[in-house]
Amino acid sequence: MCGRYASSRGPEDLAGVFEIEKWEPEETLEADYNVAPTKEVYAVLDRPLKDADDRRPVRQLRRLKWGLVPSWAKSPEGAARLINARAETVHEKASYRRAFAARRCIVPADGYYEWVTAKEERDLEVEGKKKRPRKQPYFVLPADGSVFAMAGLYEFWRDRTLPDDHPLAWWATCSVITTEAETAPLAVAPAEGPGSLSDIHPRMPLMLTPDRWDAWLDPARTDVEDLRSLLAPPPEGLMRAYPVSTAVSNVRNNGPELLKELEGPEEGTLF
C-alpha cells in the first residue's frame with residue numbers, strides 16, 4: 001500500500017521533469033517529508049484549461065487533496081479511506097472506474113515509507129505477550145535518485161451546501177494506485193533486513209516509467225483494456241530501500257532528517 005510518502009521537489013524541478021505547461025505560483029506547496037492522507041499534494045495531469053477557447057489538453061501541475069471523493073458521493077467523509085486503488089480492480093470498483101477511464105494523474109514523490117514488523121515482535125504478538133509490536137520504517141525510492149512517479153486518479157466533488165462562488169465549493173482529490181510488490185532483489189538492499197520489496201510489504205505504489213507517462217495522462221485514451229495494459233508493474237531492480245528513524249511514524253514530525261539512512265534497524269525493531 002501507500003500510506004505515507006516524501007515530496008521535496010518544487011514546481012520548477014517537477015516542471016522540467018514532466019514538461020509542465022501550466023502551474024500557478026500561488027499553489028506552491030512547501031517541501032513535505034511526511035505526506036499523510038488528507039494532505040494537499042502535487043499531481044501532474046493533462047486537462048483543458050478552464051475558460052480557454054482552445055480545448056486541447058494541457059500538461060498541468062495541480063494541488064489535490066490525497067483521499068479520493070467520488071463525484072457522486074453525498075459527503076467527503078470517506079476520503080481518508082480512498083487513498084489507494086488496487087491496480088487489479090480499479091477498472092471495476094464504483095469509486096474509481098469513472099476516474100480510471102477519464103481522469104488519470106501522476107503523483108510525484110521522492111519515495112514512500114513502509115513499516116516492517118520484526119519476527120521477534122510478531123512472535124510476541126502471536127503469543128499474546130505484546131499487543132502492539134514495534135515496527136521499523138523503511139524508505140523506498142528509485143535507486144538512481146529520479147522522481148518516483150506514482151500512478152494516480154483524480155476526481156472533482158461539488159459541495160452542494162456552499163454557493164457556486166465559494167472557494168471551497170469544489171473539492172479536487174486523488175488516489176494512488178497500488179500493485180503487488182516485487183519479489184526480485186532490490187537494486188540496493190540494506191545490510192540487515194529486507195532483500196526485496198515484498199519482504200517489506202505485499203503491496204507497493206505502481207511506479208510509472210517515463211515511457212508510459214504520456215499514454216497514462218492522455219484523456220483521449222478511454223478504452224478500459226488499453227488502459228489496463230498500462231498498469232503492468234515496472235521493470236524489476238529499479239528500487240532501493242533503507243531503514244529510517246521511527247520518528248516518521250508520527251505524522252507531526254516533518255523534515256529532511258526523516259530521510260536520513262540508518263546503519264541498521266533501530267534497537268528493538270530488528271528485521
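The side chain of Asp32 makes a polar contact with the side chain of Lys39 at 3.0 Å, a polar contact being a pair of N or O atoms within 3.5 Å in which, within protein, one atom must be able to donate a hydrogen and the other to accept it, and for which residues adjacent in sequence count only if both atoms are side-chain atoms. The model is a predicted one, in which local features need pLDDT of at least 70 and side-chain atom pairs count only at pLDDT 80 or more, whereas totals for chains, interfaces and linings use all residues. Residues are numbered from 1 along each chain as its sequence is written, and side-chain values use heavy atoms, with hydrogens and water left out.

Asp32 belongs to strand β2, residues 32-35, where helices (H or I, at least four residues) and strands (E, at least two) are DSSP runs numbered from the N terminus. With a relative accessible area of 13%, Asp32 is buried; the term buried stands for under 20% relative accessible area, exposed for over 50% and partly exposed for values in between, with a 1.4 Å probe and protein chains only. When residues up to four places away in sequence are not counted, Asp32 touches Tyr5, Ala6, Ser7, Ser8, Lys39 and Asn254, contact meaning heavy atoms within 4.5 Å.

Aromatic rings of Phe, Tyr and Trp (its six-membered ring) were paired if their centres lie within 6.5 Å, with planes under 30 degrees apart counted as stacked, over 60 as edge-to-face and the rest as tilted. By this rule the count comes to 9 aromatic pairs. In one of these, the ring centres of Phe100 and Trp216 are 6.2 Å apart and the planes stand at 55°, so the pair is tilted. Phe100 in helix α2 (residues 97-102) and Trp216 in helix α5 (residues 213-217) are 116 residues apart, and the pair thus links distant parts of the chain. Phe100 is buried at 0% relative accessibility, and Trp216 is likewise buried at 0%. Ring pairs also link Tyr113, Trp115, Phe139 and Tyr242 into a cluster.

Apart from neighbours within four places in sequence, Leu217 is in contact with Val44, Leu45, Asp46, Arg59, Arg104, Cys105 and Ile106. Leu217 and Arg59 are 158 residues apart in sequence, yet 8.6 Å apart in space, C-alpha to C-alpha.

Glu19, with a phi of about 55°, is placed in the loop between α1 (11-18) and β2 and counts as exposed at 60% relative accessibility. Thr38, with a phi of about 80°, is found in the loop between β2 and β3 (40-47) and counts as partly exposed at 41%.

For the protein chain as a whole, the secondary structure comes to 6 helices and 12 strands. Of its 271 residues, 50% count as buried, and residues 24 or more positions apart account for 72% of the contacts with a separation of 6 or more.
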